[in-house]
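User: I would like to go through this structure and ask what stands behind each label. Please set the values against the definitions.

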Amino acid sequence: QVQLVESGGGLAQAGGSLRLSCLASGGTISSYPMGWFRQTPGKERELVAGIHYGGYRTYYADFVKGRFTISRDNAKNTVYLQMNSLRPEDTAVYYCQRITSQWAVVHGNWGQGTRVTVSS
């Protein structure tokens, strides 16, 4: 089964940038749409951005449009999330996961996530 490992989180100031990576092992993700999700305590995990397997179609939640960019390198079995103009409300644990072509989550094992903290 594919294992997903997220990295790249950390502490950033408001207005700053971070780049998250999601490395898949144990199988290829090149044939699947992938998404980045985030979760804060007491809230449901929410989809932030998605990318089709070929990278030619993307989705962004309204609250990150124009600030975040999702991309993928299928040769490296990796999905990225470039986060610019960070806001304190972006503070969360970020996860990657397979999604459908309609941007719905495909239930499976979740990685440990990577924590992003944005200070004001």
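Analyst: Leaving aside neighbours within four places in sequence, Gln-97 is in contact with Leu-4, Met-34, Gly-35, Phe-37, Val-105, Val-106, Gly-108, Asn-109 and Trp-110. Contact means heavy atoms within 4.5 Å. This is a predicted model, in which local features need pLDDT of at least 70, side-chain atom pairs count only at pLDDT 80 or more, and totals for chains, interfaces and linings use all residues. Residues are numbered from 1 along each chain as its sequence is written, and side-chain values use heavy atoms, with hydrogens and water left out.

User: Why is Gln-97 called buried?

Analyst: Buried means under 20% relative accessible area, exposed over 50%, and partly exposed in between (1.4 Å probe, protein chains only). Gln-97 has a relative accessible area of 4%, so Gln-97 is buried.

User: What makes the pair of Gln-97 and Asn-109 a polar contact?

Analyst: A polar contact is a pair of N or O atoms within 3.5 Å; within protein, one must be able to donate a hydrogen and the other to accept it, and residues adjacent in sequence count only if both atoms are side-chain atoms. The backbone oxygen of Asn-109 lies 3.1 Å from a polar atom of the Gln-97 side chain.

User: In which strand is Gln-97 found, and what does that strand pair with?

Analyst: Gln-97 is found in strand β9. Strands (E, at least two residues) are DSSP runs, numbered from the N terminus. Strand β9 (residues 92–98) pairs with β10 in the antiparallel sense, and Ala-92 stands opposite Val-116 in β10.

User: What makes β2 and β6 edge strands?

Analyst: The open sheet of six strands has the order β2-β10-β9-β4-β5-β6, with mixed pairing. Strands β2 and β6 (58–60) each pair on one side only. Within this sheet, five bridges join β4 (residues 34–39) to β5 (residues 46–51), which run antiparallel, and Ile-51 in β5 is the bridge partner of Met-34.

How values were computed
Two strands pair if DSSP finds at least two bridges between them. Helices (H or I, at least four residues) and strands (E, at least two) are DSSP runs, numbered from the N terminus.
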